Amino acid sequence: MKLRLITGTDSLQPPEATTGGAMKTQKLYRAKKISKTLVAVLMMAAGLHAQGSSAQQSLILRVMELNKLDLIGGSLKLTIDKIHADQFAPTPAVNANTTLVWTSNGENKKITVASSNTNPRYALRAAPQEMSPGAGKATPVVSFLDNKNHDFIVGVNRSAGKCVIQFTAAADVKQGIGIDTHVITYTITSS
Amino acid sequence: MNHRIRNKGTVSTVTLFLLALSCAFFQQQTMAQPINVGNNITMSITTGVAGGTLTSVVNTARTLTYRRQLAIAKITVSTSCPTQSFTLKVLATAVPDGIAAPEVTLVNGMPATDFIVNIPVRPPNTARSCTLRYTASATFSQGNSIEDGNDVHTVTYTILAQ
Amino acid sequence: MKKSLVTLALAGLSILIVESASAQSSAAQNVTLTVNTVYKISTSGNPSSMTVTTGTAGTDALSSVSDNSTTYSITQNFGNTVKVAANLDAALAAGYTLQINMASTKGTSAGTMDISNATSGSAVDVVTGINRGADAGQMVTYTFSALASAGMLSSTNKTVTFTLTN
Amino acid sequence: MNHGKTGLLESQRLLGYIHRFLRHHFYRPITGLHKVLTFELLTLTVVLGGVAKGQTYGTDFHRVTVQVSQVTVIQVSSGTVSLSISGANAVAGQNAMTVTDLSTSFLWGINVSQRKVTARTNLAAPLFSLKVLAVNPTQGTAAPEVTLSTTAQDFLINIGKSSGTTQVQYTGVALASQGTGSDAHTVTFTVTVQ
């Protein structure tokens, strides 16, 4: 059986039917035609998409280390003016209206707290509560006995968080009447 | 007396000889022209090269005919062309007797300029001919004949003792 | 007489030649002017470095910074379906965001688009439907922002590529 | 023609010699043969060889007419110029895109006064603009750049009678807003009266 080959230079006219190999020749012709059409379409598409122009800009991006700390609530006054009848002692004054918020994109940071009062007459404690999850580890409670820094929240790593600060003021009867003034300072610093 | 007569006869013979010789010389001087340049010529420049010059034309249709003389001779050339605009040169080629001078540029009012030199003395006394090669040329800036008129050269050739 | 006739004949011939020569007073040249498809885009330069330096306590998102100091210009004669796409040479790390806004008078701006993750294979269309012609000096606005949780970012060079295409 | 003018002078001079010779021999007594021969030889010497330096033997002339036709020849160095506007010819932000070609030289030779060269195109309605300008002509003055149209416009003026060359600068201008396309011009340069 003869098989007629259509070369690349052959026209796309259907080949004449030949006895025996006519069907195969026709199939080969159709395949050839389809492939040529596909090639033409692809070339056109390539030509269209090959065109274009581009321009570039170079950008310099940078994020500095930043640590932000803020208090929501402002100044507060704790007044001990009640005595628990059963215990014969003044009832501690509690205030949880202050919220501490912070943001740090640094690592291994901590928030410390210190009072300006070097020798307070009455006991003052601060305890972080309602900590944002993952924003650090809270110290259970800090007593302001002097003006030293105390770790308040540790393990602050690239995070933003907040907590409610619960202040508790306590006094004995023997300590009498008086006023303690504290200026509480929060500092975010490296651990 | 006889002596005188004898002398007379001798004298007559010599005289006749000299007369014949003189007549021959006279005839040669009057009948055979010593130089001839033929008819007039018109040369036309009709084409040119853009960015270049006009195409010069050459004419070799005329011959210069001359004879040897009794002494070594030369031929000079001069021209008269009062309103000359273009360039005309002439050169003797195929010179049989004498030596051709370099090509002569014909300029109105020019002094007679050597054209052929060292023409030997006769004999022979036959006419000799060389070719006159005229070359006419012009630049575009020299204009044209319609606006400026033709150049009409009266070119004179003279043969004289060198 | 004979010479005169010859002279006259030559004069007559020369007039014909003169006319012939004068007829060659023109020269022609085929000049083809082809205008192909043109796409052209350029920028006025590079923006200033963008540095995030502040934020709000309690908020993870730091304060973003913007730059609108540069412009772009385009010229195209293809048609009215041309667009500008933008991409980065490499995606930004998580927690950082680069947005772009490209103004347009010949086309439609897509507004502020996040190109933080747009790379060459995933360019973002920032201007579409650009008509034939030129659009010069249109503002490019970049906005860079970061999360505190993403940490610091030392000076990083990013290349933004704008492609004008159909 | 002047044939024989100088020959006649020579002949008259020779006849004078002969006349004096004959008168001497036939009308005056002869003193002696020796004397006579001496004289005759002297005469012969004068006749045959007595030519002074610069002696003119003959002269002739003819007229040579040089005629120069009115010649106008012009030529362009190339028959075809192709200008193509592509991205390289565009400036982003500018609607106008230009392309320039300086590959053609225009040459001329004109010996007729008051002539100029004009240029025109055969294309009545081109899509784009095609401008032409003579650059650095060796003679004459380049006319201001013109946009080619079917009306002939000055290309080169004040060329006078000269030959020279100039570069031909073609500038194609297309607006981006005009889209793509192609113009085929036949640009004709013509020498005309200025």
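## Strand pairing

Two strands pair if DSSP finds at least two bridges between them. Strands are DSSP runs of E with at least two residues, helices are runs of H or I with at least four, and both are numbered from the N terminus. The model is predicted: local features need pLDDT of at least 70 and side-chain atom pairs count only at pLDDT 80 or more, while totals for chains, interfaces and linings use all residues. Residues are numbered from 1 along each chain as its sequence is written, chains are lettered from A and ligands numbered from 1 in the order in which they are written, and side-chain values use heavy atoms, with hydrogens and water left out.

In chain C, strand β5 (residues 82–88) and strand β11 (residues 153–165) are antiparallel partners over six bridges. Within β11(C), Thr161(C) is the residue opposite Asn87(C). An open sheet of six strands with mixed pairing runs in the order β3(C)-β1(A)-β11(C)-β5(C)-β9(C)-β7(C). Its edge strands, β3 (50–52) and β7 (108–109) of chain C, each pair on one side only.

## Largest pocket

A pocket is an open set of points on a 1 Å grid over the protein atoms alone, where a 1.4 Å probe fits, with protein on both sides within 12 Å along at least five of seven lines; lining residues have an atom within 4 Å of a point. The volume, the space filled by probe spheres set on the points, is about 900 Å³ for the largest pocket.

Its lining has 31 residues, and those nearest the centre are Lys77(A), Leu78(A), Thr79(A), Ala169(A) and Asp180(A). At least two lining residues come from each of β7 (123–129), β11 (159–170) and β12 (184–190) of chain A.

## Lys110(A)

Lys110(A) lies in strand β6 (residues 109–115) of chain A. Lys110(A) counts as buried because its relative accessibility is 18%, and buried means under 20% relative accessible area with a 1.4 Å probe, protein chains only.

The side chains of Lys110(A) and Asp151(A) form a polar contact of 3.1 Å (a pair of N or O atoms within 3.5 Å, one able to donate a hydrogen and the other to accept it). Beyond four places in sequence, Lys110(A) has contacts (heavy atoms within 4.5 Å) with residues including Ile153(A), Val156(A) and Ile188(A).

## Chain B

Chain B has two helices and 10 strands, in the order α-β-β-β-β-β-β-β-β-β-α-β from the N terminus. Of its 162 residues, 41% are buried. Among contacts in chain B with a separation of 6 or more, 79% are between residues 24 or more positions apart.

How values were computed: Buried < 20%, exposed > 50% of the residue type's maximum accessible area, 1.4 Å probe, protein only.
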